[in-house]
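Please have the sequence and the coordinates open as you read.

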Amino acid sequence: NDGRLFLSTIQQISGVKVPTVLENAISVLSATESSIAPGHFDLSSLSVWGAGKHRSGGWWKELALLLESDGYIVLSKSGAYDLTPKAYRLLDDPLSSSPTVRVTCAMESEDKKMLKKEIATVPDPQHLFRKLDPHIQRLFGLLV
């Protein structure tokens with residue numbers, strides 16, 4: 001999702017000691033030359049480089065405002081963005097990026113028609129299992 005992508009971009013560019021101003025984040029997301037002073041880290045080596053080409057700079061600016069109003073980022077007096085603990089929790093949560101499966105309930109009605117109703121959407125257990133350490137996967141296999 002684009003919100004997670006923007007937050008990850010802020011996290012990555014702050015990790016290489018580049019100012020996390022909006023223009024730098026948009027430059028990384030759109031894979032364009034930025035106004036960063038020469039001698040800084042090569043931003044094109046970041047995993048998020050160009051990952052936001054599908055959106056305009058204006059769109060990313062609006063998303064930044066939304067993320068700020070929702071408490072995921074704060075704008076410092078210098079104009080740089082900082083992630084909040086709420087943003088770090090989102091980025092660290094494996095469930096928030098996991099594929100999901102729909103849980104449905106099927107029943108036969110009085111007139112013998114099958115009725116299906118979606119009752120929940122939950123994280124895909126197979127995806128979560130693959131994220132476990134291989135030793136834990138093996139132990140789990142022995143227990144089941």
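Predicted model: local features only at pLDDT ≥ 70, side-chain atom pairs only at ≥ 80, totals over all residues.

## The overall picture

The protein contains six helices and four strands. Followed along the sequence, these elements come in the order α-α-α-β-β-α-β-β-α-α.

The protein has 144 residues, and 31% of them are buried. Its accessible surface is about 9700 Å², with carbon and sulfur atoms accounting for 57% of that area. If you take the contacts between residues at least 6 apart in sequence, 41% of them link residues at least 24 apart.

## Where α1 meets α2

Helix α1 covers residues 2-15 and helix α2 covers residues 22-30; their axes approach within 10 Å and cross at roughly 110°. Because angles of 65 to 115 degrees count as roughly perpendicular, α1 is roughly perpendicular to α2.

On the α1 side, the contact is made by Leu5, Phe6, Thr9, Ile10 and Ile13, while α2 brings Leu22, Asn24, Ala25, Val28 and Leu29.

## Ser30 in α2

Ser30 also belongs to helix α2. Its side chain makes a polar contact with the side chain of Thr32, at 3.3 Å.

Which residues does Ser30 contact once its neighbours within four places in sequence are left aside? They are Gly50 and Lys53.

Is Leu67 buried or exposed? Its relative accessibility is 7%, and the cut-off for a buried residue is under 20%, so Leu67 counts as buried.

Not counting residues up to four places away in sequence, Leu67 touches Gly3, Phe6, Leu7, Tyr72 and Ile73. One of these, Leu7, lies 60 residues from Leu67 along the chain, and the C-alpha atoms of the two are 8.7 Å apart. Phe6, another residue that Leu67 touches, is also among the α1 residues that make the contact with α2.

Note on methods
Residues numbered from 1 in each chain as written. Heavy atoms only, no water. Axes fitted to C-alpha atoms, helices over the stretch in contact; angles between N-to-C directions. Helix = DSSP H or I, 4+ residues; strand = E, 2+ residues; numbered from the N terminus. Parallel < 35°, antiparallel > 145°, perpendicular 65-115°, else oblique. Contact = heavy atoms within 4.5 Å. Buried < 20%, exposed > 50% of the residue type's maximum accessible area, 1.4 Å probe, protein only. Areas by Shrake-Rupley, 256 points an atom, 1.4 Å probe, with all protein chains shown as cover. Polar contact = N/O pair within 3.5 Å; in protein donor to acceptor, adjacent residues only side chain to side chain.
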